[in-house]
Amino acid sequence: MPLSFTEKIDSRKWVTGDNPSVELVYALTGVSDDVTAKTLATNSTAPTYEGLIRQSIEVQPEWVDTTHTDGRWIVTVRYGVKTP
């Protein structure tokens, strides 16, 4: 399967108020290695979003085929206010 990094329909969950945050969710396909998936997710997402700082990247496998170096990962990127 070719490499693809696509935002999912359930992405962009916002929390407003004193501690605002947003969560962006992507599907990453075409890679079987978790370290490569993490690197691609880091390099494919912005360090800031709407004035918020990227705080974490979560990479979860949906399926992985190491024989054919293929897989599908769900990537969740969380942005929030910078901690002091």
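**Aromatic pairs and their strands**

Reply: In this predicted model, W14 is partly exposed, with a relative accessible area of 42%. With ring centres required to lie within 6.5 Å, the count comes to 3 aromatic pairs. One of them joins W14 and Y49: the ring centres are 6.1 Å apart and the planes meet at 40 degrees, so this pair is tilted. W14 belongs to strand β2 (residues 13-15) and Y49 to strand β4 (residues 48-49), so the contact ties together parts that are 35 residues apart in sequence. Y49 also pairs with Y79, again in a tilted arrangement, with 5.7 Å from centre to centre and 40 degrees between the planes. Here too distant parts of the chain are linked, since Y79 sits in strand β6 (residues 70-80), 30 residues from Y49. Y79 is buried, at a relative accessible area of 2%, because the cut-off for buried is under 20%. W14, Y49 and Y79 together make one aromatic cluster.

Strand β4 runs antiparallel to β5 (residues 52-65), joined by 2 bridges, and T48 stands opposite I53 of β5. The hairpin of β4 and β5 has 2 residues between the strands, and E50 there takes a positive phi near 50 degrees. On the other pairing, 11 bridges join β5 to β6, also antiparallel, with R72 in β6 as the bridge partner of W63. That hairpin, of β5 and β6, has 4 residues between the strands, and T69 has a positive phi near 45 degrees.

Definitions and conventions
Residues are numbered from 1 along each chain as its sequence is written. This is a predicted model: local features need pLDDT of at least 70, side-chain atom pairs count only at pLDDT 80 or more; totals for chains, interfaces and linings use all residues. Side-chain values use heavy atoms; hydrogens and water are left out. Rings of Phe, Tyr and Trp (its six-membered ring) pair if their centres lie within 6.5 Å; planes under 30 degrees apart count as stacked, over 60 as edge-to-face and the rest as tilted. Buried means under 20% relative accessible area, exposed over 50%, partly exposed in between (1.4 Å probe, protein chains only). Two strands pair if DSSP finds at least two bridges between them.
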